[in-house]
Amino acid sequence: MFTFLISMLALFVGYMVYGKVVERIFGPDDRPTPAVRINDGVDYIVLPGWKVFMIQFLNIAGTGPIFGAIMGAKFGPAAYLWIVFGCIFAGAVHDYLSGMLSMRHDGAGLPELIGQYLGQTTKKVMLVFSVFLLMMVGAVFVYSPALILGKMCSDGLTWVYIWCGIIFVYYLIATMMPIDKIIGKIYPLFAISMLFMAVALAAYLFIKWPQLPELTDGLWGEGFQQPIFPALFITIACGAISGFHATQTPLMARCVEREKMGRPLFYGAMITEGVVALIWATVSMYFFYGGAAQELGQPLTLQAPEVVTEVSRGWLGSLGGILALLGVVAAPITSGDTALRSGRLIIAEFIHLEQRTVSKRLMISVPLFAATLALLFFNIENPDGFNVIWSYFGWANQTLAVFTLWAITVYLVRQRKPFIITLLPALFMTVVCSTFIIVSKNAFGCDMVVGYGVGGAAFIIAVAWFCGWFSKEKKQFKNHN
C-alpha cells in the first residue's frame, strides 16, 4: 500500500509542477476560442468548465483505466511506475497539447492536425486509421457494458442482446444531437457514479490495508510470463497514454471558453484517469496477490470484466456494488458515444460537409453506424471476438499516440519551443509499438530477440529522420530571417 500512496502523491505533484511547465511552454493566451468564434449550436458551444472537465474525463476514461489496469496489475509493481511516469510525462502532455493545438486550429480533428504537421499522405492514412479505431471503440464499448448489465439482470444472453440494442440506439441519438442536449446533461450523473466507484474502492483498501507487492519487492509479478517490455506499455494504455484521447480532445476544444482553462481540463482529466487506474491496479494486486480472490471465493483466472463484477459486489454490498458497477458501465458508454461522434466529425471535416443540418449529419452517421454494427456482431458471435478486437485496439491506440506525439513535436519545433517534452515520449512509444507489432501473436508473432532488434532499428531510424528534418528546419528558419 505504501507504493500506492506514493504513486497517488506523485500524480498530484506532477499535475502541480510538470503540468505548469507544459502549460508555460505552450503559452495559452486571451485569443477567442472556437467555441466563442464559431458557435454553431451543435458541436461548437461554450460549456461551463466543470462540465467540460466531466465530459473530457468520461470521454477518455472508458474501460481502459479499469480493464487495462486489472490486466496490467499482473505484471506487478512495474504497473505503478508506468501509470505514474507515463501519465505525467507522456499521457497528460499528449492530451493537453493535442487539445490546445486543436483549439488553435478551429477545433480541428486529429487527422487534420496530423496532416498540418506530418503531411497530407500521413493525414489520409490517419483518417482511415483513426475512424476504424473509433468504430472498434464503439463496438467494444457497446458489448462490455451490455455484458455487465445483462449479467445483473439474468445469467442468460438474452438481456445482453437487449442491452446491446439499447446502448446502440443511445449512441445514435447522442451522436446526432447537439452536444449540450444529451451529453452535457447526463455526463455529470455518470461522473458521480464513476467517482463513487473509485472513492469507495479506495476507502475499502485503506480500511483493509492489505499486504501487497511493493516496489521494494521487485518489479515483476509472480508467475506472469509476458515480458514487461513491450507488453505492459500496450496493456495499460488509457491510464498512462492513449492515442484515442487525441480523437476526443477536439470535441471539448470546441466547447472551452478560454485557453487558460486548458491545463485543468485536459492535463487534469488525464491525471484523474491515472488516479482511477492506480486504484484499480491496487485492487487487482490485492485480488491476484493479496488473497482477495480467495476471500471472495473466486479463481485467479477471472477476466477483467468478471473481476470488476465480483470485487464490486463482494466489497461494497448490493447497493454499493450496483452504484460501482454503474460507474464502470458509464465509463465505456460515455466513451463509445463520443467516439462515434468524433468519427462523424472527422469524416465531415475531411469531405468538407457542414454538420449544422440534421440531414448532413445523417449522411455520415448511417454508414458509420452500419460498419460499427458489423464489428459488434463479430464481437458477439465470435467466441474470441472481444479479445481479438481489444488486442488490435490496444496496438492501434498506442500507434495513434505515436503519430500525435510526432505531430506535436513538429509544432513545438516550428514555434521554437522546448520540444524535448514530446520528443522523448514519441521516441519511446515508437519503439514500444514497433516491438509489439513484431512479437504480437495477432500480427507477426516473431521471437522477442527479433522484436527487440526491430524496435532498436525503429529508434535509430526515428532519431535519424528527426535529426535530418530538424537540420533542414533550422536552415529554413535562418534563410527566412
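Before we look at any residue, one term: buried means under 20% relative accessible area, exposed means over 50%, and partly exposed is anything in between, with a 1.4 Å probe and protein chains only as cover. What you see is a predicted model, where local features need pLDDT of at least 70 and side-chain atom pairs count only at pLDDT 80 or more, while totals for chains, interfaces and linings use all residues. Residues are numbered from 1 along each chain as its sequence is written, and side-chain values use heavy atoms, with hydrogens and water left out.

Let's start with the charges. Side chains of opposite charge can pair when their charged atoms come close. Here a salt bridge is a side-chain nitrogen of Lys or Arg within 4 Å of a carboxyl oxygen of Asp or Glu, and the structure holds twelve of them. One of these joins the side chains of Arg341 and Asp43, at 2.8 Å from N to O. Arg341 sits in helix α14 (residues 304–351) and Asp43 in the loop between α2 (34–37) and α3 (49–61), so this pair ties together parts that are 298 residues apart in sequence. Both Arg341 and Asp43 are buried. As for the helix labels, helices (H or I, at least four residues) and strands (E, at least two) are DSSP runs, numbered from the N terminus.

Next, find Arg104 and Glu259, a salt bridge whose closest N and O atoms are 2.6 Å apart. Arg104 belongs to helix α5 (residues 78–104), and Glu259 to the loop between α11 (244–253) and α12 (262–289), so here the bridge ties together parts that are 155 residues apart in sequence. Glu259 counts as buried because its relative accessible area is 2%.

Lys123 is in helix α7 and Glu112 in helix α6, eleven residues apart. How covered are the two partners? Lys123 is buried, with a relative accessible area of 10%, whereas Glu112 counts as partly exposed at 21%. Back at Arg104 and Glu259, salt bridges that share partners join these two with Asp29 and Arg31 into one network.

Now for the helix packing. Axes here are lines fitted to C-alpha atoms, for helices over the stretch in contact, and angles run from 0 to 180 degrees between N-to-C directions. The axes of α6 (residues 110–118) and α7 (residues 120–153) come within 7 Å and cross at roughly 160 degrees. That makes α6 roughly antiparallel to α7, given that angles under 35 degrees count as roughly parallel, over 145 as roughly antiparallel, 65 to 115 as roughly perpendicular and the rest as oblique.

The axes of α3 and α12 come within 9 Å and cross at roughly 50 degrees, which makes α3 oblique to α12. α11 and α12 pack at about 135 degrees, with axes 12 Å apart, and they are therefore oblique to each other too. α3 passes α12 in a right-handed crossing, and α11 passes α12 in a right-handed crossing as well.

Which residues make up the nonpolar patch on the surface? They are Phe2, Leu5, Ile6, Phe206 and Trp209, with about 500 Å² of accessible area together. Patches take residues with over 30% relative accessible area and no salt bridge, joining like charges within 9 Å and nonpolar side chains (Val, Leu, Ile, Met, Phe, Trp, Tyr) within 5 Å; the areas come from the Shrake-Rupley method with a 1.4 Å probe, and for residues only the protein chains shown count as cover. Helix α1 (residues 2–26) gives the largest share, three residues. Phe2, in α1, counts as exposed at 55% relative accessibility.

Finally, the backbone. Most residues other than glycine have a negative phi, and most peptide bonds are trans. Asn39, in the loop between α2 and α3, has a positive phi of about 35 degrees. Asp106, in the loop between α5 and α6, has a positive phi of about 60 degrees. A cis peptide bond joins Phe229 and Pro230, with omega about 10 degrees, and Pro230 is found in helix α10 (residues 228–235).

Terms used
A crossing is left-handed if the near helix is turned anticlockwise from the far one by less than a right angle, and right-handed if clockwise.
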